[in-house]
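Dear colleague,

I am passing on the structure below, followed by an account of what came out of going through it. Please read the notes alongside the coordinates.

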Amino acid sequence: MASDALFPIFSQGVGYGIVIGLGAVFAILMSLTTFALKKYMSEVQDSEMYLTAKRSVRSGLIASSVVSSWTLSATLLSTTNFGYLYGIAATFWFGAGCSVPILTFAVLAIELKRKAPNAHTFLELVKHRYGAPGHIVLAIYSLIYQIFISVNLLVGGAAVFHLTTGMHQVAVCFLFPLGVSVYTFVGGIKATFLTEWVHTVILFIIMLVSMFVMYATSSHVGSPGRMWELLRAASEIRPVEGNAEGQLLTMKSVYGGLVGLTFLGGGFSATVDSQLFQKAIAADPKSTVAGYLLGALCWFTIPFCIATTFGLGAAALENTPAWPTYPELMSADTIANALQMPYVAYAILGKGGVVAVLLMLFQAITSALSSETVAVTSLVTYDFYRAYIKPSATGKELIFVSHVAVVVYSILVALVAVGLCYAHFSVSFIVTAIGIIIDGAVIPSACTLFWRKQSKYAVTLVPILSSIASIGTWIGVAYRREGVVSVATLSGFYPCVAGNMLALTAPIVLTPLVTYLKPENYDFAKFREIELVDDSAIRDGVSAKPPAGSEKRNDISEAEPGTSSTQEQERADLLRARNIALGAALFIAISMTILWPIPMYGTGYIFSKGFFTGWIVFTFIWGFFGAVTITCFPLWQSRRQIVAFLTAVFGGLSNRKQEEVI
């Protein structure tokens with residue numbers, strides 16, 4: 001259609017410049033940072049540091065990492081698409097549906113820290129409790145999820161970069177993992193945390209600038225009141241099926257609610273992802289709860305603000321002369337592939353806006369891909385090599401395996417992404433299908449930490465049986481409604497919701513059913529038998545002291561249970577933190593999914609101009625809360641370490657003085 005004639009608006013050189021240039025910048029900076037930490041702060045890159053950051057990461061960086069891990073290219077593209085299609089209800093329900101699993105994970109994370117302080121991966125606990133069969137099943141589920149998410153990142157990025165710059169999709173799929181693999185190879189999980197913070201800060205800045213332009217300075221919109229008028233007019237031209245009076249400005253939206261249910265299921269699948277447990281393992285015990293709760297609240301701002309800006313902006317401007325292809329509309333393929341963002345950015349910011357969108361996607365793709373790469377590296381290193389090939393492997397050997405895993409995984413996901421690009425799979429299809437395939441493992445995984453009676457048969461069989469049932473339901477509903485099974489019919493909301501909800505709820509019945517055929521009575525204290533890795537070979541010859549604070553972090557982890565009152569107090573504190581996390585997660589989840597939206601849904605209220613203006617003001621407040629928290633809180637928490645590092649680099653402090661500063 002003629003509407004596609006707008007793009008590409010840049011040469012391929014711009015696309016290559018962003019992907020290769022920024023990728024190289026981050027790879028070089030993070031590699032230099034890792035080198036400087038080793039030289040000036042005596043930070044030895046042994047296996048414990050490479051994959052767990054010595055369990056010392058504080059809540060600010062944990063929060064930014066949570067935001068980064070859940071902010072995929074699909075987050076930006078799909079939330080814009082749903083906001084455009086179904087209005088303000090979808091902008092809210094997308095974020096609410098995905099926030100609940102993050103809040104739930106806060107409880108899982110603190111429970112892992114409490115019961116297994118020396119664990120390197122969650123799957124290590126699974127093997128310790130159930131043996132090989134259950135361990136292999138959950139490891140496969142985790143790996144499938146990680147590949148799905150990584151491929152999803154690349155497919156979304158390839159679509160947008162190809163649309164706007166003409167850059168070949170194959171090149172995008174291979175070049176994005178290149179820069180990520182370099183700094184992950186060199187710096188491990190700590191480099192991932194640092195780059196995720198930088199990426200997330202940049203993303204928040206671009207998001208807030210776009211909001212200000214749309215609602216304050218744009219000649220096409222420029223105020224919430226004007227946006228309200230445009231959305232009312234758009235609802236007359238394109239009434240939304242299932243919405244109250246066909247309006248975009250209402251929380252009573254059938255499809256908006258289905259968006260929430262779909263991504264509730266898809267979001268819970270993330271709790272199977274070992275990289276999220278990896279962040280919990282890397283966290284300082286006292287920081288885990290605060291990090292995940294803050295992360296959930298801050299992450300909600302991303303889809304909420306993005307959809308309110310770009311999704312509603314697309315719906316409001318598409319039928320006006322402000323639209324870059326007016327009077328032509330976006331093509332069906334453009335909408336199906338969730339590519340409205342570049343159009344809106346061009347309408348309100350010109351070519352600079354399109355560059356901003358590309359930068360946002362770059363941040364989302366590289367930071368999340370780095371997390372998944374570290375997770376797969378940990379899985380291969382500890383849950384495959386150390387578990388089944390060489391249990392006595394030293395830290396030096398594990399570092400070598402980790403490096404190999406980084407390279408192999410980067411190549412693998414690039415190849416799969418290329419195949420899906422040529423098969424015309426969209427990011428929306430991938431992100432809605434993932435819960436159907438993976439959610440069967442959610443309940444068995446949680447019961448590993450919370451239910452001592454769950455049997456090895458349950459953890460082995462229930463995920464497989466649930467996945468078979470959910471995939472069959474997904475396909476069956478699609479065929480029943482449309483008479484044919486295809487990517488298009490499988491992408492429908494009713495098949496996706498049916499598949500996701502069955503995958504999530506079937507284990508609630510199956511897990512106790514299979515367990516009580518032969519229940520167990522596991523002693524959770526056995527998790528403390530997991531030991532740290534022997535990294536002495538790596539530290540041999542390093543004369544400088546370990547990084548300040550690392551001794552303090554490890555003395556609790558390595559000691560035997562019950563050997564000191566300090567350790568007992570530590571466990572009591574973690575139990576109290578677990579209970580706080582559970583209460584806070586329930587309160588926030590109920591507020592987001594029931595107390596806030598349901599009354600507005602039930603009344604079928606259509607936003608007045610004044611109410612919509614207040615809604616936008618609230619959106620700005622939440623956006624600023626997320627931006628300030630993610631940007632400033634990690635800097636404040638690490639102020640002494642930053643001063644010590646900079647002083648050591650430029651002033652040459654001794655190790656003793658560094659420790660005094662820290």
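In what follows, a residue is called buried when its relative accessible area is under 20%, exposed when that area is over 50%, and partly exposed in between, with a 1.4 Å probe and the protein chains only. Helices (H or I, at least four residues) and strands (E, at least two) are DSSP runs, numbered from the N terminus. The model is a predicted one, in which local features need pLDDT of at least 70 and side-chain atom pairs count only at pLDDT 80 or more, while totals for chains, interfaces and linings use all residues. Residues are numbered from 1 along each chain as its sequence is written, and side-chain values use heavy atoms, with hydrogens and water left out.

The chain has 28 helices and zero strands, and buried residues make up 60% of its 662 residues. With contact taken as heavy atoms within 4.5 Å, 84% of the contacts between residues at least 6 apart in sequence join residues at least 24 apart.

Helix H6 (residues 122-130) is largely enclosed by the rest of the structure, because seven of its nine residues are buried. These buried residues are Phe 122, Leu 123, Glu 124, Leu 125, Val 126, Arg 129 and Tyr 130. After H6 comes Gly 131, which has a positive phi near 90 degrees. In the loop between H5 and H6 lies His 120, a buried residue with a relative accessible area of 0%; the C-alpha atoms of His 120 and Tyr 382 are 7.5 Å apart, although 262 residues separate the two in sequence.

Helix H10 (254-268) has 15 residues and reaches 21 Å from its first C-alpha to its last, close to the 21 Å expected at 1.5 Å a residue, where the expected span is 1.5 Å times one less than the number of residues. Since 11 of its 15 residues are buried, H10 too is largely enclosed by the rest of the structure; among the buried ones are Tyr 255, Leu 258, Phe 263 and Phe 268. The cover over the buried residues of H10 includes helix H3 (59-70), H4, helix H5 (88-115), H17, helix H18 (442-450) and H21. Within H5 sits Pro 101, buried at 0% relative accessibility. Leaving out residues up to four places away in sequence, Pro 101 touches Leu 264, Gly 267, Phe 268 and Thr 271, and its C-alpha is 5.0 Å from that of Phe 268, 167 residues away in sequence.

The second largest pocket holds about 580 Å³ of space. A pocket here is an open set of points, on a 1 Å grid over the protein atoms alone, where a 1.4 Å probe fits and which has protein on both sides within 12 Å along at least five of seven lines, and lining residues have an atom within 4 Å of a point. Grid points are joined across faces, edges and corners, and the volume is the space filled by probe spheres set on the points. Of the 27 residues lining this second largest pocket, Ala 336, Ser 428, Ala 488, Ser 491 and Gly 492 are the closest to its centre. Helices that each supply at least two residues of the lining include H4 (73-86), H10, H17 (427-438) and H21 (493-515). The lining divides into 14 nonpolar, 10 polar and three charged residues, with Ala, Val, Leu, Ile, Met, Phe, Trp, Tyr, Cys and Pro counted as nonpolar, Asp, Glu, Lys and Arg as charged, and the others, Gly among them, as polar.

If a disulfide is a pair of cysteine sulfur atoms within 2.5 Å, the count comes to zero. Cys 173 is in no disulfide, and the nearest cysteine sulfur, that of Cys 421, is 4.0 Å away. Cys 173 is buried at a relative accessible area of 0%, and Cys 421 is buried at 9%.

Leu 369, in helix H15 (residues 351-389), is buried at 1% relative accessibility and, neighbours within four places in sequence aside, is in contact with residues including Ser 150, Leu 153 and Phe 176. A cis peptide bond with omega of about 10 degrees joins Tyr 326 and Pro 327, the latter in the loop between helix H12 (288-317) and H13. Glu 245, which is not a glycine, has a positive phi near 55 degrees; Glu 245 is exposed, with a relative accessible area of 68%, in the loop between helix H9 (224-237) and H10.

With best regards
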